[in-house]
Amino acid sequence: MAKENFPLIFERSQEGRTSYNLPALDVPEVDLEEEITDGYVRKVDAELPEVDELELMRHYTGLSNRNYGILSGFYPLGSCTMKYNPVINEDVARLPGFSHIHPYQDTSTVQGALEMMYDLQVHLEEITGMHEISLQPAAGSQGEWTSLMMIKAFHESNGDFDRDEVIVPDSAHGTNPASATIAGFKTIEVKSNDKGLVDVEDLKRVVNDKTAALMLTNPNTLGLFETEITEMAEIVHGVGGKLFYDGANLNAIMGYSRPGDMGFDAVHLNLHKTFTGPHGGGGPGSGPIGVSKELAPFLPKPVVREKDGVYDFNYDLPQSIGNVKSYYGNFGIYLRAYTYIRTMGAEGLKRVSEYAVLNANYLMRNLEKEYELPFTQHCKHEFVLSGSKQKEKGVRTSDIAKRLIDNNIHPPTVYFPLIVDEAMMIEPTETESKETLDNFISVMNEINKEAEENPDVVLDAPHNATVGRLDETQAARKPVLRYQKED
Amino acid sequence: MGFRYLPMTESDKKQMLDSIGISSTEELFSDIPKKVRLDRELNLKKTVSEYELKKELTEMASKNANLTEYRSFLGAGVYDHYIPSVVDHVISRQEFYTAYTPYQPEMTQGELQAMFEFQTMISELTGMPIVNSSLYDGGTAVVEAMRLAHGQTRKSKVIISSTVHPEHRQLVETAANGQKLEVVEIGHKDGVTDVAQLEKELDDETAAVIVQYPNFFGLIEPLEEINALIEKQKKTMFVVSSNPLALGYLTPPSEFGADVVVGDTQVFGIPAQFGGPHCGYFATTKKNMRRVPGRFVGETVDEYGERGFVLTLQTREQHIRREKATSNITSNQALNALASAAAMSALGKNGVKDMATLNMQKARYTKQKLEEANIPVTFTGSFFNEFVVKLSKPVSDVNKDLFEKGFVGGYDLGLTYAEFDNHMLIATTEIRSKEEIDAFVKELGDING
């Protein structure tokens, strides 16, 4: 079945149509061209589309219909925590007192914003068990990098300039080593053992007096809790290194355990995962960090402080690494996180983790009958299956993913972590009902059956999507990254 | 008590525990060692009902003086512009705002196409052929431009003009520390980059020269002269940070030999929201394509030969390259890029130019009126929608008085430029009416004495 082409906004453009209405020119007009230095007035207009408002709304509504959000259906994308994004968050973020305030207004005119920031910091300190929080990093990867820069500054403040190694497990998110590199560190890999956990003997082997930090996700990317975490902390601290916690998987342990109590010195959080900031099709995110007392002097500036009920920014932080993001981070996103935390409270957040973990284990135990489960202990909020049995039948994980699309289910994260063959990383989250999980189990079992009995239906999937399988090789070989008008 | 985001019932829970073969969820957490288990409840604020929480947060919001109630002449990188109503309706579609990164192109053609269109629009405005699908913001985009230049040239000296946004310069400083790059700041003359000093500092160890156009003082930088100097060095890259609205009227940096053009699309459809999230863009030449940070959307065909879109050139990215990646960027600002794309679609070819022109006209009127009120304007060069004036008293005091009269005054330049004590940077956008400008000038004149 040939699919229908959807026009680009540029292809809808007709000269003379508009959908804007600017205020009138109510001041005496001056000749701009005369005043602007020769050569600095644009000669050719930017070719932006010319459409009326109905056409514009039809265009974007049509595009939205060709997209898939959490309200469209189940989204068990591992490591991404695709939970329901509460609509009250959107209402709060759009209050003019939050959305229309300028970062350089006098602090006396934005006390409500600062109060929210301060209170959110207090809440996140308690949830993570860390001494102090900075809301500045724009997203998780920036939070990682910021933490590493602080750890570096800490070592250097001790006259310790030779610690240039950061240890990262082989199962880690790719951002970990990338962040280490741009913070100026070498990445040293530590192996996982046959239980999917960090091999503590290997960790002992790789640490030394050049170790600046260990970066760890706990539970790890296989959804497994690193049970030997305190031993690992001792080993790393023993050689003078610091522990960094990648908070991507915090959804599994809220109210059960805190990175600060595990011995971590720095933590980053993904507020767009655990705390319901929407993913927005790829962002904006928000990646606050939390640190121990020892690292606090190095926090990015400014920090919000409170005195006698009055809030302001403190820029006087002589040991600060500097700022890492303009202004105060992604205020609009952490405002949503604050609304969520206030909605759930301590009891609610603990239940979030309880049910996220229960849902994941329920799926895992019901799927392991037909799909290979490489690590068999109880999981936390997510787990990793291998499509190795189906691969033998000629159906690969990527095919299973495409077949899920036909069933109006977003595929799991595939081919990650790298240490599992034909990996499918599944994270149901706590906001999904048992009926949704049961449907997923039966769809997955049905696809397995199809792989045996009628593999072509899987290999040719998706059948019901707006497009057929796309040629990604051609896209990369001859990149076309913008529209060119045909002459 | 009930939690409206948690569908689990007691009966569901029992059935699920039975299915797993355990008796309580505690067993699922038994692998967490006792000594790191939290043995108490988290100490968080008590929850309140939806109604009460909304009331509380609305009250909190109302403690902030917002720009819909005050007349603002504050810019300095974040501007109060007209936002067409269509924008919020587009980005409120759940298919956009709740979606993940479009890694499964067959079910996310909408997002991918919207980003492809965004890339095209920014390419049109900047004149650069290669544009990514957004970065965190304008400031971090400057940092990424520096990283690209360092990676591409293998050189470690970065020259940045003191007329670049002060926060962006601080970001560059912080990031340079990580990679042991040397940052050299060039002074200003008549409000623009001191070209003579630049000439002295520029050598064959220079990875990049970074300027802002229009610059932090609102002035149009002499890009042509700067480029002529850069061209004498074989490898040095010319990085221009540019307000994309200004490019609706000004010659795009591509025509002055820019290698990388970055900036923030906050001016198109994104409210100030206390400084973030905004939306960075990154535009460059074909030569640099494979080192660009963040995501690209590319056009391709599906198995039926129909046009479709995918994330492409992903081998640059951290999830594939790991420690060899050229950037650690993971998320972008897709939803804000969408907001800007919707705003640029609404404005279109004529609207962007009209809006830029209106900004320039109204800023000139403000400037003229202030001069008539005996408030001296510091620089005489060509400018966009911002300019600097010298006051007779501290800007913070003046702003307090202006606030009492319902105005948000300009930026206190003395905070970031020691040489500009008592100087105020004033922005006038298209939404300020003649009446508001006249009232502002009168108040400022009175306060200034």
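**Helix packing and domain contact in a predicted model**

Biologist: At what angle do helix α6 (residues 138-153) and helix α7 (residues 166-179) of chain B pack, and how far apart are their axes?

Modeller: This model is predicted. Two packed helices are described by the angle between their axes and the distance between the axes. For α6 and α7 of chain B, the angle is about 40 degrees and the axes are 9 Å apart.

Biologist: Are α6(B) and α7(B) parallel, perpendicular or oblique to each other?

Modeller: Angles under 35 degrees count as roughly parallel, and 65 to 115 degrees as roughly perpendicular. The angle here is about 40 degrees. α6(B) and α7(B) are therefore oblique.

Biologist: In chain A, how are helix α6 (residues 140-157) and helix α7 (residues 175-182) oriented to each other?

Modeller: Their axes come within 9 Å and cross at roughly 45 degrees. α6(A) passes α7(A) in a right-handed crossing. By the angle, α6(A) and α7(A) are therefore oblique.

Biologist: Which residues of α6(A) and α7(A) meet, and what are their classes?

Modeller: α6(A) brings A:Gly140, A:Ser141, A:Glu144, A:Trp145 and A:Leu148. α7(A) brings A:Thr175, A:Asn176, A:Ser179, A:Ala180 and A:Ile182. The contact of α6(A) with α7(A) divides into 4 nonpolar, 5 polar and 1 charged.

Biologist: How far apart are the C-alpha centres of domain 1 and domain 2 of chain B?

Modeller: The domain assignment gives domain 1 of chain B as 71-82 + 348-448 and domain 2 as 85-342. Their C-alpha centres lie apart by 27 Å.

Biologist: Which element gives the most to the side of domain 1 of chain B that touches domain 2?

Modeller: In this contact, 23 residues of domain 1 of chain B meet 19 residues of domain 2. The elements that give two or more residues to the domain 1 side are α11 (334-372) and β13 (386-390) of chain B. By class, that side has 12 nonpolar, 8 polar and 3 charged residues. With 6 residues, the element that gives the most is α11(B).

Conventions: Residues numbered from 1 in each chain as written. Chains lettered and ligands numbered in written order. Predicted model: local features only at pLDDT ≥ 70, side-chain atom pairs only at ≥ 80, totals over all residues. Domains from an automatic or database assignment. Contact = placed C-beta atoms within 7 Å. Helix = DSSP H or I, 4+ residues; strand = E, 2+ residues; numbered from the N terminus. Nonpolar A, V, L, I, M, F, W, Y, C, P; charged D, E, K, R; others polar. Axes fitted to C-alpha atoms, helices over the stretch in contact; angles between N-to-C directions. Parallel < 35°, antiparallel > 145°, perpendicular 65-115°, else oblique. Left-handed = near helix turned anticlockwise from the far one by under 90°.
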